[in-house]
Amino acid sequence: MTESLLSNLPARQRDRVLLCVAELEDGDAPLPASVAALADPVLHGHVEAVLRAHGRCLVDLGNAWTSGYADEVADELVQSGHAYLTEVDRAVLALVYLHAIVIPRSEGVREQNLPVPVGVEALASNRDRRLSKETIKPALTRLREADIIRAQHELGVNQRGRPSTYVPGPQFQRLTPLRHRCVWEQTVLTADPDGPLAVRLRRELDAHEDPTRR
Amino acid sequence: MNNASAPGALLLARVRFGHAAVALAGERAAAARIAAACGRELVTTTNGRVTMRWTEGHGMVPDEATDALTPPRLRVLAIAVALCWPRPTQALWPGQPTSLAALHAHCYRDAAAARTSYHVDRLVREGLLELDGTTLRLGPRVAGWDGPSVAALAANHDQLRALLQ
């Protein structure tokens, strides 16, 4: 039973597990893998169980961990039809992702040099007139307030006298490997819908009949 | 176990997502039991929504060195100021008390709603808000805001109030 998932733990270990869950769920940055509750296999299992009871999961970042929505729960939330962001905010977020990660990556920029900060000028250089600077700026503010993107000056970069630039924020790290793959697939299908990669992807997605990845 | 089929887990995920408006009594009871076992509790906001917070003694230990007033936290503070300072012709300090549920109700529409309790906790620790049970007030640091800053807030009071609409 979920209600008893921590009842067998001594109080001190229970507190460690709950503190770890709080830091994973509320913290601004991922937790190092060396944190006791994550490094100890028993406590790690309890952290995982508490998150699972909340529809969440651990996300492995290599030498650190964060938390995110479990894939099947994320599917249900998406299918429930509630929009987390407005259409404009989603479009601007996609532009930030394209300019900060996808385009530089396709140009050969090394992974360790990603993301590349992007400014309003570049974001507004798209051909869709609905996404003007006047539309993009308030959307960037909303995305910053939601911690989905970060302005460079918030990351300690001195930008005095220069226009603000932005990068994807810490929420991106909360995506599970499956969600990252979905984002990549959607990017390919959108950016080059008739390209050979998109054709192959569409064939694979049709074969899997997985509506969440289409 | 499939999380999606566990009513408590799905409801708690919806609470974090910010869309747990309606919950069957049984589903809510199951979610509340899970939350309680994990040091959390469900809170119903003034507009009938459900959110979640850590109970006393649980939650994150603040790191003062890195705990900046980030944009999401600034927005929670702005909503609290709007609630506690309804008329700019009156003094900002001490303002009028509001309820935690009212704050949650207005933060609810934000994408950052999931972490509202966390931000409130940090703002209380920073002295920008005071929390007595479920009653929320502006904190002592707000009393120290200088005249020009308060005048600028008063001049833009309509923007503060717009956060409540």
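Before I start, one definition: contact here means heavy atoms within 4.5 Å. Keep that in mind for helix 5 of chain A, residues 87-106, which lies across strand 4, strand 5 and strand 6 of chain A. Helix 5 runs at about 95° to strand 6 of chain A. And a reminder: this is a predicted model.

Let's stay with chain A. What is the strand order in its open sheet? The order is 4-6-5, three strands, with antiparallel pairing. The edges are strand 4, 118-119, and strand 5, 149-151, and each of these pairs on one side only. Strand 5 of chain A is joined to strand 6, residues 165-168, by three bridges. Those two strands run antiparallel.

Now chain B. Here three strands form an open sheet in the order 3-5-4, and again the pairing is antiparallel. Strand 3, 98-99, and strand 4, 129-132, of chain B are at the edges. Each has a single partner strand, so one side of each has no neighbour in the sheet. Strand 3 of chain B pairs with strand 5 of chain B, residues 135-138, over two bridges. One residue pair to look at: S99(B) has T135(B), in strand 5, as its bridge partner. Helix 3 of chain B packs on this sheet and touches strand 3, strand 4 and strand 5 of chain B. The direction of helix 3 makes about 95° with that of strand 5 of chain B.

On to the interface. How many residues of each chain are in contact? For chain B it is 34, and for chain A it is 38. Together the chains bury about 3,400 Å², with 59% of that on carbon and sulfur atoms.

R16(B) and E25(A) form it through their side chains, at 3.7 Å, N to O.

Which elements of chain B supply at least two residues each to the side touching chain A? Helix 1 (7-17), helix 2 (25-37), strand 2 (50-54) and helix 3 (71-84) do. Helix 1 of chain B gives the largest share, eight residues. By class, that side of chain B has 20 nonpolar, seven polar and seven charged residues.

Conventions. Residues numbered from 1 in each chain as written. Chains lettered and ligands numbered in written order. Predicted model: local features only at pLDDT ≥ 70, side-chain atom pairs only at ≥ 80, totals over all residues. Heavy atoms only, no water. Buried area = accessible area lost by both parts, 1.4 Å probe. Salt bridge = Lys/Arg side-chain N within 4 Å of Asp/Glu carboxyl O. Helix = DSSP H or I, 4+ residues; strand = E, 2+ residues; numbered from the N terminus. Nonpolar A, V, L, I, M, F, W, Y, C, P; charged D, E, K, R; others polar. Pairing = 2+ DSSP bridges. Axes fitted to C-alpha atoms, helices over the stretch in contact; angles between N-to-C directions.
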